[in-house]
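Trainee: Could we take a close look at one part of this model together? I'd like to go slowly.
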Amino acid sequence: MTILATIIYTIMKYNCTFNIDIGNTLRKFRNINKLSQQYVSNHLDISRQAYLRWEKNNVDFSISQLKKIADLYKVPLHMIIMEAYTPHKLETSKV
């Protein structure tokens, strides 16, 4: 099973979400490709203000929306998801 399939399976089975920073990843890919928010929002058929909310993580992303982004940047979908995921260590208390 691929990493993406594992993530989707876990989300569906346990009805959970992952704490990942997709917005920062979208901004990173947009800046690397030297595209404006307006250009990306036009490609996605949404307003620039709506896209700005994406970059600020103020929306829940669907796989189909992320697939459109991946197609725009010519990268596999799993690259956007894995780039956005940052593992966090649990803090241990000092006794």
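Trainee: Are Glu55 and Arg30 buried or exposed?

Mentor: Glu55 is buried, and Arg30 is buried too; buried means under 20% relative accessible area, exposed over 50%, and partly exposed in between, with a 1.4 Å probe and protein chains only. Keep in mind that this is a predicted model, where local features need pLDDT of at least 70, side-chain atom pairs count only at pLDDT 80 or more, and totals for chains, interfaces and linings use all residues. Residues are numbered from 1 along each chain as its sequence is written, and side-chain values use heavy atoms, leaving out hydrogens and water.

Now, the pair itself. Glu55 and Arg30 form a salt bridge, with the closest N and O atoms 2.5 Å apart. This pair links distant parts of the chain, with Glu55 in helix H4 and Arg30 in helix H2, 25 residues apart. A salt bridge here is a side-chain nitrogen of Lys or Arg within 4 Å of a carboxyl oxygen of Asp or Glu, and helices are DSSP runs (H or I, at least four residues) numbered from the N terminus. Arg27 joins Arg30 and Glu55 in a network of salt bridges.

Let's stay with H2, residues 22-32: its buried residues are Ile22, Gly23, Thr25, Leu26, Phe29 and Arg30. They sit on the same side of H2 because they cover an arc of only 160 degrees around the axis, taken from the directions from the helix axis to the C-beta atoms.

Lys28 is partly exposed because its relative accessibility is 37%.

Note on methods. Helices (H or I, at least four residues) and strands (E, at least two) are DSSP runs, numbered from the N terminus.
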